[in-house]
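Please keep the sequence and the model in view while going through the points.

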Amino acid sequence: MMYFQRTIKLAAPLMLAGLLAACSTLIGPRQVELPQARMQQNLDRKFPVRHRVLGVFEVELSHPQLAILPENDRVALTLDVNVAPLLARQAWHGSMAVSGRLRVDNVRNVIYIGDAHVDSFVVDGMDEGKQNQIASVVNLLGESTLKDVPVHTFRPEDLRYAGVQFVLTGISTKPGALVANLQPAQ
């Protein structure tokens, strides 16, 4: 009888490990909803962003306002812009609106804006002709700057559920949130 009890005590952890392994293979794809307010807080911590563009402009982007465009799986950012040419004492202040498709970097577990496009650019007190002259610089700035700014970054523990590690595979939008698609890691 003592031998039987000892065998059960030794076998119980092995059976439990086997049961957990079997359950992990039953867990399939998941979706995780990311509320807009949470992503806005993340963006607020990452700004202001400063860049030198074409070696002659110091540009600062600040106060991002995120909008989710669920009808076409895009997001938009409205930003305050300060542009200061390095060789001039004058600086320009204004705003720009940028939109783009959501992209997933499953190596870094990041969701970012890809194919960023400047939808509007307005500089306070500048005539339309001058705004058009620097629009190409601003378009370049919008694409290069936002490519490096994640809309959301998953921590490793965010991608673990019921003992199973998941991989970020896609992203979609719905009103007021992004929906991350996850698959069990192979």
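**Notes on the predicted model**

1. Arg-155 and Asp-158 are paired in a salt bridge, their closest N and O atoms being 2.9 Å apart. Salt bridges with shared partners link Arg-155, Glu-157 and Asp-158 into one network. Arg-155 is partly exposed, with a relative accessible area of 49%, and Asp-158 is also partly exposed, at 24%.

2. How many salt bridges does a search of the whole structure find? The search finds 7. One of them joins the side chains of Lys-174 and Glu-33, at 2.8 Å from N to O. Lys-174 belongs to strand 9 and Glu-33 to strand 1 (residues 30-35), so this pair ties together parts that are 141 residues apart in sequence. Lys-174 is partly exposed, with 33% relative accessibility, and Glu-33 is partly exposed as well, with 45%.

3. A further salt bridge is formed by the side chains of Asp-105 and Arg-108, with an N to O distance of 2.8 Å. Arg-108 is partly exposed, its relative accessible area being 48%.

4. The largest nonpolar core has 39 residues, of which Met-96, Ile-111 and Leu-178 touch the most other members. Helix 2, strand 2, strand 3, strand 4 (74-85), strand 5, strand 6, strand 9 (164-174) and strand 10 (177-184) each contribute at least two residues to this core. Strand 6 gives the most, with 6 residues. Beyond its neighbours within four places in sequence, Leu-178 is in contact with several residues, among them Val-32, Met-39, Ile-68, Leu-102, Ile-111 and Ile-171. In soluble globular proteins, nonpolar side chains tend to be buried together.

5. Val-56 is located in the loop between strand 2 and strand 3 and is partly exposed, with a relative accessible area of 36%.

6. Is Asn-42 buried or exposed? Asn-42 is buried, because its relative accessible area is 13% and buried means under 20%. This residue lies in helix 2. Setting aside residues up to four places away in sequence, Asn-42 touches Val-151 and His-152. The side chains of Asn-42 and His-152 are joined by a polar contact of 3.4 Å. Their C-alpha atoms are separated by 7.0 Å, although the two residues are 110 residues apart along the chain.

7. Most residues other than glycine have a negative phi, and most peptide bonds are trans. His-63, although not a glycine, has a positive phi of about 50°; His-63 sits in strand 3 (residues 57-69) and is exposed, with a relative accessible area of 54%. Asn-109, also not a glycine, has a positive phi of about 60°. Asn-109 is found in the loop between strand 5 (92-105) and strand 6 (110-123) and is buried, at 16% relative accessible area.

8. Where is Pro-48 placed? Pro-48 lies in the loop between helix 2 (36-46) and strand 2 (49-53). The peptide bond from Phe-47 to Pro-48 is cis, with omega near 10°.

Terms used: Residues numbered from 1 in each chain as written. Predicted model: local features only at pLDDT ≥ 70, side-chain atom pairs only at ≥ 80, totals over all residues. Heavy atoms only, no water. Helix = DSSP H or I, 4+ residues; strand = E, 2+ residues; numbered from the N terminus. Buried < 20%, exposed > 50% of the residue type's maximum accessible area, 1.4 Å probe, protein only. Contact = heavy atoms within 4.5 Å. Polar contact = N/O pair within 3.5 Å; in protein donor to acceptor, adjacent residues only side chain to side chain. Core = buried A, V, L, I, M, F, W, Y, C linked by side-chain atoms within 4.5 Å. Salt bridge = Lys/Arg side-chain N within 4 Å of Asp/Glu carboxyl O.
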